[in-house]
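My entries follow in the order I made them.

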Amino acid sequence: MQVEIEKLDYHHYLPLFFDGLCETGHPYEFFARQGVHDMLEHGGTKIQPAIPQLIIPIKNALNTRNRQVICTTLKVLQHLVMSGDLVGEALVPYYRQILPILNIFKNMNINSGDGIDYSQQKRENIGDLIQETLEVFERYGGEDAFINIKYMVPTYESCMIC
């Protein structure tokens with residue numbers, strides 16, 4: 001039986017797909033990633049009410065400390081925040097649970113000296129990806145976003161200052 005993606009129960013399926021972000025084996029990680037992105041693409045107003053159920057899977061994925069999993073999760077978080085109105089603001093109260101792990105990896109940019117760092121092309125340079133994610137959080141998180149990010153990641157500088 002096939003159901004249109006818009007008709008899925010977001011409170012049930014979105015957290016399931018987010019749970020799958022911890023997977024590293026093929027095809028599981030692909031299905032989880034694709035499922036999350038498809039649901040975020042078509043979810044509209046159904047996404048924001050499901051935010052509380054996503055926090056533990058997000059936290060679990062980040063706490064694996066697996067670079068590939070963290071990079072995938074950061075890209076998903078950016079998509080999540082930009083996926084609908086007020087989604088970014090709905091995430092702000094959960095920064096205290098999500099952001100501490102980012103502090104550990106924030107300054108881990110790969111220094112390849114004169115060599116070429118191909119991870120930049122695939123957006124897998126973890127330090128840059130964290131910075132990018134924090135900026136997206138600030139842009140879409142409303143007026144309380146910056147102060148909450150700064151509290152959890154003291155080295156973060158606002159991207160909104162002209």
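Exposed means over 50% relative accessible area, buried means under 20%, and partly exposed lies in between. I keep these cut-offs at hand for what follows. The model is a predicted one.

**Entry: salt bridges**

How many salt bridges does the structure hold? I find three.

I started with Glu4, which forms a salt bridge with Lys7. The closest N and O atoms of this pair are 3.3 Å apart. Lys7 counts as exposed because its relative accessibility is 58%. Glu4 has a relative accessible area of 47%, so I noted Glu4 as partly exposed.

Next I looked up Glu29 and Arg33. Their side chains meet in a salt bridge, 3.2 Å from N to O. Both sit in helix α2, four residues apart, so about one helical turn separates them. Is Glu29 buried or exposed? Glu29 counts as buried, because its relative accessibility is 15%. Arg33 is at 28% and therefore counts as partly exposed.

Then I checked Glu157 and Lys150. This salt bridge is 3.5 Å, N to O. Glu157 is exposed, with a relative accessible area of 53%. Lys150 is partly exposed at 26%.

**Entry: Lys106**

I found Lys106 in the loop between α7 (100–105) and α8 (126–140). Lys106 is buried yet has no salt bridge. Which side chain of opposite charge is nearest to Lys106? It is Glu157, 8.2 Å away. I had already logged Glu157 in a salt bridge with Lys150. What I do find for the Lys106 side chain is a polar contact with the side chain of Gln131, at 3.3 Å.

**Entry: Ile58**

Ile58 lies in helix α3 (residues 51–63). Its relative accessible area is 0%, so Ile58 is buried. I also looked up Asp19, which is 39 residues from Ile58 along the chain. The C-alpha atoms of Ile58 and Asp19 are separated by 7.5 Å.

I searched the whole structure for cavities of 30 Å³ or more and got one. The largest cavity holds about 40 Å³ of space. Which residues line the largest cavity? They are Gly20, Leu21, Glu23, Glu29, Ala32, Arg33, Gln68, Val69 and Thr72. The elements giving two or more residues to this lining are α2 (28–43) and α4 (67–81). By class I noted three nonpolar, three polar and three charged residues. Glu29 and Arg33 turn up again in this lining, and these two form the salt bridge logged above.

How values were computed:
Residues are numbered from 1 along each chain as its sequence is written. This is a predicted model: local features need pLDDT of at least 70, side-chain atom pairs count only at pLDDT 80 or more; totals for chains, interfaces and linings use all residues. Side-chain values use heavy atoms; hydrogens and water are left out. On a 1 Å grid over the protein atoms alone, a cavity is a set of points where a 1.4 Å probe fits but cannot get out, and a pocket is an open set with protein on both sides within 12 Å along at least five of seven lines; lining residues have an atom within 4 Å of a point. Grid points are joined across faces, edges and corners, and a volume is the space filled by probe spheres set on the points. Ala, Val, Leu, Ile, Met, Phe, Trp, Tyr, Cys and Pro count as nonpolar, Asp, Glu, Lys and Arg as charged, and the others, Gly among them, as polar. Buried means under 20% relative accessible area, exposed over 50%, partly exposed in between (1.4 Å probe, protein chains only). Lys and Arg count as positive and Asp and Glu as negative; His and the chain ends are not counted. A salt bridge is a side-chain nitrogen of Lys or Arg within 4 Å of a carboxyl oxygen of Asp or Glu. A polar contact is a pair of N or O atoms within 3.5 Å; within protein, one must be able to donate a hydrogen and the other to accept it, and residues adjacent in sequence count only if both atoms are side-chain atoms.
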